[in-house]
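Hi,

Here is the structure I promised to pass on. Have a look, and my notes follow below.

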Amino acid sequence: MLKMKEGCIVYRVAICDDQREYLEIVEDKLNNYCNAHNISIALKSYNDSQVLVEELGEGKRFDAYILDIEMDKYSGIEIANIVGTYSDIACIVFLTAFSNYAIEVCGMNIFRYVLKEKLEESFPRVLDEMFHRLSWLDNQEIYTIVNQRKYIKFLQREIIYIYKDQKNIVFVLKGGRKEQERTTLQKAYKKLNSRELIFLDRGIILNLFHVERVEEQRVFMKEGYSVASSLPRISELKRFLFMYWGEII
């Protein structure tokens, strides 16, 4: 999610507003805030929403997006939906002159919603919260799926379990989501490098964080999921669970 430059974290931020004058106002406020708080950003501004959409299609990615909602070619809502296809953790801030959009976007994964008329008073607080969120994410373990068709990031803590499906592996995530990657469980396990994720057997990796109970040869997990395994593997799982639960209780 982040890149490093001379030992300093640099956050990638995109601003998109087809009114150039307002775009420059937001740029200045963001730069002034970052200078005052010693925050390094790689900022790219767009006054043409189509250009941003095309660059997203080419694989351009940002940690945060500050988007006007009403634009001629692509609305901020449409851009947010595109971002949502590859990331649940990107911070999206909507700027708009119209309060009636608040209900429409409340079901989306939007970080904040700011009225342009209240930019002066609201924007610094929103930036406080946005960079706090980005800093928090920097300290979390994140898994990335990258191929020609998609670029997706999610927190490792979101993984409930992973299973093999022919030449792919399937990540079962919180909220009923599933993501596929063309790799092996062994390669994914090495990439994850988390003590909370263990092999239940050759075809399943479990996240101990989401295990609720074990009954006979079945493991019951959060959000209604369950998986079965052999008695020897269940016994080994119980041993891992006793150690894990003992550490967190």
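What volume does the second largest pocket have? It comes to about 180 Å³. A pocket here is an open set of points on a 1 Å grid over the protein atoms alone, where a 1.4 Å probe fits, with protein on both sides within 12 Å along at least five of seven lines. The volume is the space filled by probe spheres set on those points.

Before you go further: this is a predicted model, so local features need pLDDT of at least 70 and side-chain atom pairs pLDDT 80 or more, while totals for chains, interfaces and linings use all residues. Numbering starts from 1 along each chain as its sequence is written, and side-chain values use heavy atoms, without hydrogens and water.

Residues lining that pocket (those with an atom within 4 Å of a point) include R157, R195 and N207. By class, the lining has 2 nonpolar, 5 polar and 4 charged residues.

There's also an open sheet of 5 strands, ordered β11-β10-β9-β13-β12 with antiparallel pairing (strands are DSSP runs of E, at least two residues, and a pair needs at least two bridges). β11 (178-181) and β12 (197-201) are at the edges with a single partner each, so one side of each has no neighbour in the sheet. Inside the sheet, β9 (residues 159-165) and β10 (residues 168-173) are joined by 6 bridges, and I162 has F171 in β10 as its bridge partner.

Cheers

How values were computed
Ala, Val, Leu, Ile, Met, Phe, Trp, Tyr, Cys and Pro count as nonpolar, Asp, Glu, Lys and Arg as charged, and the others, Gly among them, as polar. Helices (H or I, at least four residues) and strands (E, at least two) are DSSP runs, numbered from the N terminus.
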